[in-house]
Each structure stands twice: as C-alpha cells, then as structure tokens.
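Me: Could you walk me through how to read a structure like this one? I would like the general idea each time, and then the case at hand.

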Amino acid sequence: MCGIVGYKGNFINVKVILDTLKLLEYRGYDSAGLAFCSEGNLFVRKSKGKIDNLYEMVDSLQTDLVVAHTRWATHGIPNDINAHPHTSGPLALVHNGIIENYREIKERLKDYDFKSDTDSEVIVHLIHSFYKGNLFDAVLDAVKILKGAFAFVVIDNNTKDLVAVKMESPIVIGLLDSGFLISSDIPSIIKWTRKIISLENGDVFYVHSNEFKIYNFLEQKFVSRNVEIIEWDISVAEKSGYKHFMLKEINEQGKVIRDTLFGRIDEESLKVVLDDKVREFLDSLNIDNIIYIACGTSYHAGLIGSYYSNELAGINSTAFYASEYRYIEKKYFTSKNNTLYIFISQSGETADTLFVARELKQMGENIVTIPNVIGSSMYREFLSFPTRAGIEIGVAATKTFTAQLVNILLLNLYLAQKKGFDVSHVIQELLFIHEVVDGILENYEYIFDIAEKYVDYQHFMYLGRHLMYPVAMEGALKLKEISYIHAEAYAAGEMKHGPIALIDNKMPTLYVLPFNKMINKNISNIQEVKARRGKVLALVDKKSKEFVKDLVDDLLETKYVNEYLQPFVTVIPLQIFAYSVADFKGLNVDQPRNLAKSVTVE
Ligand code: F6R
C-alpha cells in the first residue's frame, strides 16, 4: 500500500504535489509527509493523519525537487516519526512495499541512527552507505541487497538528482513539458500530463539535470520503455452531490453494468461478443476446469463465477483466495491446456493475486485477468478482459464488484455458447439488468430507517444459499469493513453445523432470500433462527416476500430476476444497508480505519 509521489523539474508549487498525493489517499491515509529542496536546504514535513494536515505546513512554497508520501502502516504505528519521507544525509526517500530483509540490513548499518520503526528507513541509509556523490550508482548497489516489494523515489539535495525504482510495487513516470512527475498510479497525474512511462520490475529511473535514463537491475542493462499517451477520460473524482463517494458509486451501478456490457453482446443473435484477443484465446483452449483467484470482494465475485462455470458453462470450477493459492505446493501441477485461471482484481495490483498470476504464467498456465484499472500490472502483464467501472474512490468496493460480475458472466455465457448450450434466456435478461438496477436505486431511502434500528448491534449473521451465499459474504464484508460491526457470513445450510449456537436476541440475521428453488429450505432456516429469539432481516423480491413477510422482523426489497442475475440485484440493498449503518454511526465511510484501496503487500 502507500502512495508515493516525486517531482523533478522547473519550479512547481508544493501544493500541486499535495493535490496529486491526495488522489493517492485511497492507498493509505494514516500519515503523510513530504521532503523538498529549497535554497540549498532539504526540508521535511510529516504528520500523523490525513494529507490535509500538510497543506498548512507548506503554504505556497515553490520547489524543483520533492518527494511525498501517504502511508498505510505495515511496520511501526502511524505517527509523525514513522511517516515518510525518511532521510539520510542529503537524501530523502519515500517507499511503497515491504523490505523483507530489513532486520539484516539494519544489523549491517550499525553506524546509522535509525529514528523510526519502519522497514523503509533502511533503504535510505543503505543507499547513503554506498553514496559517494552519485545517487544512481549508490541505488544500484543498494538494490542488489534489498529483498521484498518496493517502489521508491529518492532525491539528493547535493546533486539535485532523482531516482525512482520499481520492484513489484507500482510506479509510473509522467513526462511534463519541463520535468518529471512520478506517482503510484496514472489517474493521479493525468491532470498534469498524459505522457506516461510505466516502469517494469527491476527498472531504475534516473534523472540528472533534465536528462533521464532507465537501467534494469534484473537484466543488468540500460533499457528503453515506451511512452504511452493515455487517452482515457477520467472526470476527476467528485461526489456530485452525494454525501460520500461510496453512495455515489453504489448509485452508478446501472451505468457501470451498461458500460461494461457495451458491445459485448450481439442483441439480434443474443450471442456474446468477446474482445478479439480474449475470444481467440478461449477458442484455442479445450477447457474442462476453471479456477478463479482473487482477494476480498473480488474473491466473492470469483465464487459467484464458479457457480456460473459449473452450472451455465458446464465446466468444473472452484474459487480460491489468492493468499491461500499462493502457498499451495505446485510441484505436481502439469499444464495440460485444460485449465483456465481467471484472476480478478479491481486495482490490478493486489500483491497476493499478482504473485499467483505471475507464478502460473511462468508455469505456462492459461490466464485471463479481470482488472478495473487500465494500465495496472494485471492489465499490462496478462491477457486482460477489463471491467469499465471507472475509478472507484470509496475504499469499500461496490460498483467494481458488479462490473466484475458482468465480465465473469460474459466469459461463462461465451463458453456455454461455444458448447452449444442455450443461454439466451439469461442473455435476454442481462441486456436489461441495468434498468432493473436503476429501478432499485430509485427507492432506497427506506433502508436508512431500517438501518437505524440495527446500529447498536455488535454482531450480525448473514445467510444465503447457492449464488446468494457469496452475496451474503459480500454483504457481511461491507458491513464489517465500514461499520466495524462483526458480521459472519454462512452458507445457510451450514447454520445447523455450529453457528446456530451464536443466535440469540443480540445477534440479528440478515437472510439473502430472493425467490428461487430453495425458498422452502430457506424458510425452515428462518424458523430455526426465530425459535431462538433471533431477529431476522430478510432481503426479498416480490415473490419471496409473500412467503416470509409475516415471519421476519424487517424487509429489504429487491426486484425479481432470473436466478443467475440475482447477485446483481441483491448486492445493492446490502451495500446500502452497510452504508447506512456506518453513516448513522458517524464513521468515515469512504476511508474506513486500517484499510486501503490497493493492497500491494502480502
Ligand atoms: C472490500 C475490498 C477489498 C478488496 C480486496 C481485493 O470492499 O475492497 O476486500 O476487494 O482487497 O482488491 P482488488 O480487487 O483490488 O484485488
């Protein structure tokens, strides 16, 4: 995690750097800092808490050399000292990632006075230990020793040189008319430039005067990298009248579904039309196994995908957490061209997911990635089938989840059609699902009133069966991450195998219950909860409502749709419920504690 920014060029107002840094705040926001050169001196300003604290500290200073950082703590608590940049002599450095061998390096640097508890501080002292007046040479010596994931930018107040290094963690270089703006992602800098170089692993980007060169320490040679002109339009994130980005993003889901579907279904023949490269790739395979790999919300999308693959495409399928699949011993794996791995990640940078994808790519496995961020590592390094959700600012994933579902469903519908299965009834409804979603979003204020009743509970149970089980998991994740209420999600049939012991009048159950073939089983579960004095909040459509309305305490409502499309319409009331509870509690919905939007550490 963490966001890093660097600048070298003609004079720039430090506030521009802070504005850029603010766009990286989704990556971490427990402390922030910057170091800049002015009139021959190196100044450092750091502060626990949000970037906003820094604006007052720098007023409207001009500088030609600066690094800045927004932190998500890994080593050492969030405080002023652990905040980046860290300095050593004339050098100041900001880092994103984890230095795995920092203890050994610290041992070796006994002469240095370490001020912080961070792993990052070792980098700047290590570079300084090799420094004899040339920053580039010193960095090349240091990277030979560093182990782990790192993207860092270091500046030298003596020579006014800047070096940026990428190893696993993301970093991009923006080319300005006169100078260079470096950042952890593209969206944060395209306000200033659309000319971008994305560094590759092992790249050391070095600027001396106004000239730059790139050396790759893995390949041990100077390399050239393409300058990409970024065409895509991002309307810089605004809340557009909504109280929070999360609420805005929830409300964008109809549009996101429409955009992600656009051009990918032939409305006359009802055939799925995949992007050429993805189609050619799938056509070249004879798949009889699909494995979805992802983390968090994206994993829930993958789990839903495994039901689609098993039932719609008739292909054996499972979903794994990337952090688990990473440690599955793969020595007996043999690539038989029959397994397709689908990696899902809105950021396209999640460390665990990326690690497994790279590992399997090296083993020659078949991989498609579903990233949302264009230009991310998963987008660039693999055959990707991107979603079109636009930038998601709220840390809790909402619209990117529905966009992932669209792409996962499209892939499975394509594979089903390839096998000659008739899935036109699903496609027919999929074409209009955005309208159904918009309809649900026309009337959700009643959820605020229901949420108010549940604000003071400490625990929640979420239940669902079949496709509604991953949806229940996603609903529970939303509640816990933004409202800090403990929420357990269970496959409803598993209730009686243990979790039922938790049920009493202090633990309400939210049952995800649209009408489908399991309605009677679900009703039995509800009765079991009621018999133990548990409150039940049921998410129903007009058909299932008739079955349970007299049985439960409160109703969240959605529209009745084909069972394979139910994830699209059931997740929305759950997102709004979690949002409302968190908002009633007065919490920072868009930036919940301890979290970050992009998890680039293991
Ligand atoms: C939950 C959430 C996280 C992410 C997870 C994976 O709201 O945002 O659980 O889903 O960190 O992130 P990506 O999709 O970027 O790989």
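Predicted model: local features only at pLDDT ≥ 70, side-chain atom pairs only at ≥ 80, totals over all residues.

Me: Which domains does the assignment give?

Reply: Domain bounds come from an automatic or database domain assignment. Here that assignment gives domain 1 (3–231), domain 2 (236–442) and domain 3 (443–602).

Me: How far apart are the C-alpha centres of domain 1 and domain 3, and how many residues does the contact take from each?

Reply: The two centres lie 43 Å apart. The contact (heavy atoms within 4.5 Å) takes 13 residues from domain 1 and 10 residues from domain 3.

Me: What area do domain 1 and domain 3 bury between them?

Reply: The size of an interface is often given as the accessible area lost when the parts come together. Buried area is taken with a 1.4 Å probe and summed over both parts. Domain 1 and domain 3 bury about 960 Å², with 53% of it on carbon and sulfur atoms. On the domain 1 side, Tyr26, Tyr29 and Trp72 lose the most area to domain 3, together 54% of what that side buries.

Me: How many salt bridges are there between domain 1 and domain 3?

Reply: Side chains of opposite charge can pair when their charged atoms come close. The rule for a salt bridge asks for a side-chain nitrogen of Lys or Arg within 4 Å of a carboxyl oxygen of Asp or Glu. Between domain 1 and domain 3 the count is 0, whereas the whole structure has 23 salt bridges.

Me: Which salt bridges does Glu252 form?

Reply: One is with Lys248, at 3.3 Å from N to O. Glu252 also pairs with Lys399, where the closest N and O atoms are 2.8 Å apart. Both Lys248 and Glu252 are buried, a class that means under 20% relative accessible area, with exposed over 50% and partly exposed in between (1.4 Å probe, protein chains only).

Methods
Residues numbered from 1 in each chain as written. Heavy atoms only, no water. Buried area = accessible area lost by both parts, 1.4 Å probe.
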